[in-house]
Amino acid sequence: MRRLVAALCMVLALSGCSGGFPRDPQGTLPRVSDGTLRVGVSERDPYTRVEDDGGVTGTEATLVQGYATSIGAQVEWVRGSTSELMVQLSNGDVDLVIGGLREDTPVTRGATLTRPYAREVTSSGTRFGLVLAAPAGENAFLTSVETYLIQHGSFS
Amino acid sequence: MTARQLPPQQHAALQQSVRLSRISLLVMVISAILVVRVAGESRAVQAALAEDLLMLVPPLVFLWGARQAGRPGDRRRPYGRRSLGHLLLGLALLAGGVALIFTNALALWRGERPSIGAATAFGGTLWAGWLMILVLVVTALVPLELARRKTRLARTLGDKVLTADADLGVTAALTGVLTVAGVVCVGYGLWWADALAALLVGAVLVFHAVRLLPGATGDLLDHRATELRGGEAHPIHYQLMQVAVAPVWVADAGVRVRDLGHVFHSEVFVVPRHDVNPTVAQIAHLQARLEQVDWKARDTVVAVVPELPAALR
């Protein structure tokens, strides 16, 4: 028992030292870093607005743009409805989905919601958290995104 | 038999066990709260939570049993009171284990990938998996120490619920290691390790229950008193037998003993030699000597019979 615990501590210590922990089963983070981050956008003012020239603005667009810059990635916008984009996310065709998603949004298997980056209150007084959607189980990517959200979001 | 009538050593052990069981309840509740805070999507950690909740059962059962054992028997309950103790525990473990195996086999089959992201702790941001591992290690080590003490007390008391409780504490430490391994593997990108670890935790619980249940039902129904972890006959059978055949007027003797929780109910059948008609004083003397064999033998009946019951021949 004691040996097992010691061995486990060794593994933990080693994995803590070497980079790349946690790792992505599909390698999303290493792929998008210094590469292209494909972001699914469903239009929802003021979080996301699709301009006439095809560019995307809005608070979440700015947030994602900032994240992409932090990992040296170029953003490629993919427009669609939330449900279409969720399927694309599960299939690995996009890396993130934005569009004023709330923390109680139902997600398909293969997708997961990030931690809330901000909290808002509806006119009827219900509080809800705003989130992004990411591929399920891509934990290095998820951790990287969430770390950015913690540092740059307005969640208190 | 009230708790006050126990021998001093057992009385002290019982009080200590009651205190330990209360501490266990507190520890398990705190541990469950901590685990809930970090569990997130990890199935392995959710399994650890389920186990923490199951581990509330044995101390509750023990405390209840200790209360019950403290009350004297009456007309309706002439053998004194006893509880369903480890039968309940066995069933709870079986149900919990089967549920874990089922849900996690399903998760594996569907290829569900656990998402474990970032967390804030200690004034910084880190992978939430680290927090899980920290909490799991702490919540496994404390029950392990409690289990070590309970095993010792259980031996003094001869208490099966306490033994089962201690054994479960050791099992929990083992499954804690499994769970940590699951989370670490997820960190290495092996997504299936999470549900697999949870499934194995379920399997360990079922194994534990299967080992516990036959003894538990047997004690309640029709088995002779056995040793702490079941199986062999309790040595008190032989000790009573030795004393029973010692008097010169006894030709043959048979013993049957039932486990009533802390104490036993023992029946000693003696066949007198054909030329002797034992007096009440002789029988009472024999009974007094039998009760001195062990503190658990204080409820011993002597029956003088022309021949032994068939089961004891």
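The lining of the second largest cavity draws its largest share, 4 residues, from α5(B), where helices (H or I, at least four residues) and strands (E, at least two) are DSSP runs numbered from the N terminus. A cavity is here a set of points, on a 1 Å grid over the protein atoms alone, where a 1.4 Å probe fits but cannot get out, and lining residues have an atom within 4 Å of a point. The structure is a predicted model, in which local features need pLDDT of at least 70 and side-chain atom pairs count only at pLDDT 80 or more, whereas totals for chains, interfaces and linings use all residues. Residues are numbered from 1 along each chain as its sequence is written, chains are lettered from A in the order in which they are written, and side-chain values use heavy atoms, with hydrogens and water left out.

The volume of the second largest cavity is about 70 Å³, a volume being the space filled by probe spheres set on the grid points, which are joined across faces, edges and corners. Its lining consists of B:Ser24, B:Met28, B:Met55, B:Pro59, B:Pro143, B:Leu146, B:Ala147, B:Lys150, B:Asp165 and B:Gly169. At least two residues each are supplied by α1 (8-39), α5 and α6 of chain B. By class, 6 of the lining residues are nonpolar, 2 polar and 2 charged; Ala, Val, Leu, Ile, Met, Phe, Trp, Tyr, Cys and Pro count as nonpolar, Asp, Glu, Lys and Arg as charged, and the others, Gly among them, as polar.

In total, 3 cavities of 30 Å³ or more were found. The largest cavity has a volume of about 100 Å³, and its lining includes B:Val35, B:Glu51, B:Asp52, B:Met55, B:Leu136, B:Pro143 and B:Thr175. Helices α2 (43-54), α5 and α6 of chain B each contribute at least two residues to this lining, with α5(B) giving the most, 4 residues. The lining of the largest cavity comprises 7 nonpolar, 3 polar and 2 charged residues.

The contact between the chains (heavy atoms within 4.5 Å) involves 24 residues from chain B and 26 residues from chain A. Together the two chains bury about 2200 Å², 67% of it on carbon and sulfur atoms; buried area is the accessible area (1.4 Å probe) that two parts lose on being put together, summed over both. Within chain B, the most area is lost to chain A by B:Arg113, B:Trp130 and B:Tyr188, together 26% of what that side buries. On the side of chain B that touches chain A, β1 (118-121), β2 (124-127), α5 (128-157) and α6 (160-187) each supply at least two residues, and the largest share, 6 residues, comes from α6(B).

Note on methods: On a 1 Å grid over the protein atoms alone, a cavity is a set of points where a 1.4 Å probe fits but cannot get out, and a pocket is an open set with protein on both sides within 12 Å along at least five of seven lines; lining residues have an atom within 4 Å of a point.
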